[in-house]
Amino acid sequence: MAHKRRDFIKISSLSAAGLIFGASHLRSAIPTFQKSTPGTSGEFDLHRTPTYCEVCFWKCAGWVYKNDEGNIKKIIGNDDDTNCNGRLCPRGTGGVGMYHDEDRLKTPLIRVTGADGKQTFREASWDEALDVVAKGLNKIKQEHGPECTALLTHGSGGHYFGTLLKAFGSGNIAAPSYAQCRGPREVAFIATFGEGLNSPEPTDIRDTRCLVLIGSHLGENMHNAQVQEMSDAIDKGAAIITVDPRFSTVASKSKFWLPIKPATDIALLLTWINVIIENDWYDKEYVEKYTYGFEQLKQSVQSYTPEWAYGVTTIKPDVIRETAREMANAAPSVIIHPGRHVTWYGDDTQRLRAVAILNALLGSWGRRGGFFVPETAEVPDYPHPPFPKPARTWREAMGGKFKLADLALANGVCEATIPSVRMDCQIKGWIVNGTNLIMTLPDMQKTLEAIKNLELLVVVDTMPMEITGYADVVLPECTYLERWDDLRVVQGRVPNIALRMPAAEPKYDTKPAYWMAKELSKKMGLEEYFAWDKFEDMLDWQLKEIGSSLDEMMRIGVKNFPRQYGPLYFEDGAEVEFNTNSGKIELYSTAFAEEGFDPVPAYNPHMEPPTGYYHLNYGRAPMHTFSRTANNPNLTDLMDENVVWVNPKVAKQWGLKAGQEVYLQNQDGVVSDFPIKVRVTERIRFDSVYMVHGFGHNHKQLSRAHGRGASDSQLITRVLVDPIMGGTGMRGNFVTFRFEKGSEVES
Ligand code: SF4
């Protein structure tokens, strides 16, 4: 399968093979299924089917409504779902655009090289395409071992391909949502409280009296229930403290906006810790009963005074004291929010340790209005044989580095694929499921270098993305509105589950990921790991094990269960055993000390932008998710390109006008493929620019997204790796302006 040179292929560049749309022999007759489910006659609203949203990871449960002809008309939230409380965000209601998008992948594709050496995709039957995948994986197994394969994944399909890969003998299963996003906070909270935050975070925002957002823009970042709770909390008088170089939407609702100098957040956090200790504003009883290492912490932060922090962060000393006082007054109903995308400057685990410590000092962990104790429904796996032990673990494949990482690193898999980086156990085959790695991983050149070294690249997706152009085999997945999937099982105030079932037949010749994995298992002799006959039978078995049934879930969509393991908050004076070395909340981390890292966080300055360059800050818009929704017809109606926010002083200096198009060039000379319009605004600091992530696609098959705006990912070439857990810090990049791709703007 290995192609000597892996050219990027546009999906439209197909060989002469005829179209095979509609050839599916597996299309299920959805309305028939609904009507014929035993014991349900007359109980179903045939116009609606339950689902949970796949437009982002929040997985809000909802109902898909169809008209009399069975056409999908709208999606609304399920009232019983605690992730959304009956209300979907703009992206969720626009999810139907994924189903209607005419640019979708439509049929399996196989890379072929013609007599002239030109590479194209040939349309293929499912049997052919899966044969190529199975043979390619087995060849790697025979020649190098199964542990030389990896899965890079985002979304529901990861479970099925993960099962396949584990059965095959590889444990290299990584998601960019860890080392490129939330990983540092998980490691930091595990080190401090003995448990990670997971998703959704157990923040008790609805009852909080003070919410601190550091570089987190809830509201633009649509974490549904959290945004709703924040809005309710504001109505009830909660104070919001927003720390951001940009006057975000939530900053405009805040009691305090601290326009911090970029890359100095840890200095502010350590100073708040110092102020709270020095003024005796911490929760003494809580700290004494539950924490370990208070004296070491106190000693370590002594030098971080507000006057010192002013020079570093540009936040005035009285504002630092006043905001610390605000938090202390609200304690324990205070949340210093851990954020989500926290891979910024390479010292991210330590910054999140400071966040965790601050919460611990204020006694908010396990307290009303702070962090509640979550519970999760226990849904059993369908029985299968034990997985074989991989000959090498993902940790060994990554050279034994980053021992405190609790999940595999997508960037580590990438490195382990490049021979010059890891000669001893090079990864040779990737399955990439639902993640556009070219734009998700920082340092695009390194990702492309890794891809060049692969013997097999299989891409599973609903849309042609930059990554599909490099695939050997493309497997088109149907959208979440056209398939069954695993039950949604997420933590919350109460354990709960949600059902996703198909609302329509898969369009074109697309299939669900569970079907692909099961068919592959048959071709690879691993079918005992997928022992169910029909997926819905498997769901019914799982549901009956926990006292429900498929029949019930098709009617209600979401089921909430009573809590099993105790109260939502720590009871007064309760003895609590934390899962740390000391059994306490560790203000001084013994685990970090053992591994040679600072047991208490410290401030280390970061690089300043060169003259004429600005910190590149990026973030989210409420109507888009990552780079995945930029082509969605419903969502592009709301926002079809990004713009670059520029402070008026900077605009004047460079002669930039609102709406003018410029190219951005980073500190390493990389220039954006496409121009981006300037937004001149006081809402951004003079040393920074800001843009929404996920635009600037260069895949021409994305008819609405191609060439719209600029890609921040392309400009992130300086990656600051977190020595503790291997996360990839991406905020250490700087940009300047160019009028044309080849000419600098005169400043
Ligand atoms: Fe869908 Fe919005 Fe919920 Fe995300 S937050 S799952 S996009 S409705």
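1. Which residues does Val275 touch, not counting residues up to four places away in sequence? They are Trp281, Pro306, Arg321 and Ala324. Contact here means heavy atoms within 4.5 Å. Val275 is part of helix H8, residues 265–278. Helices (H or I, at least four residues) and strands (E, at least two) are DSSP runs, numbered from the N terminus. Val275 counts as buried because its relative accessibility is 3%. Buried means under 20% relative accessible area, exposed over 50%, and partly exposed in between, with a 1.4 Å probe and protein chains only.

2. A word on the model. This is a predicted model, where local features need pLDDT of at least 70, side-chain atom pairs count only at pLDDT 80 or more, and totals for chains, interfaces and linings use all residues. Residues are numbered from 1 along each chain as its sequence is written, and side-chain values use heavy atoms, with hydrogens and water left out.

3. Now the sheet. It is open, with 3 strands in the order E1-E2-E3 and antiparallel pairing. Strand E1 (48–52) and strand E3 (72–77) are at the edges, each with a single partner strand, so one side of each has no neighbour in the sheet. The twist averages 30 degrees from one strand to the next. Its angles run from 0 to 180 degrees between N-to-C directions, and axes are lines fitted to C-alpha atoms. E1 pairs with strand E2 (residues 61–66) over 5 bridges. Two strands pair if DSSP finds at least two bridges between them. Thr51 has Gly62 in E2 as its bridge partner.

4. Next, the aromatic rings. The whole structure holds 29 aromatic pairs. Rings of Phe, Tyr and Trp (its six-membered ring) pair if their centres lie within 6.5 Å; planes under 30 degrees apart count as stacked, over 60 as edge-to-face and the rest as tilted. Phe189 and Trp365 are a tilted pair, 5.8 Å centre to centre with 50 degrees between the planes. Phe189 lies in helix H6 and Trp365 in the loop between helix H13 and helix H14, so the pair ties together parts 176 residues apart in sequence. Phe189 is buried, at 0% relative accessibility. Trp365 is buried too, at 5%.

5. Tyr514 and Phe535 are stacked: 4.1 Å centre to centre, 20 degrees between the planes. Tyr514 lies in helix H18 and Phe535 in helix H19, so this pair links parts 21 residues apart in sequence.
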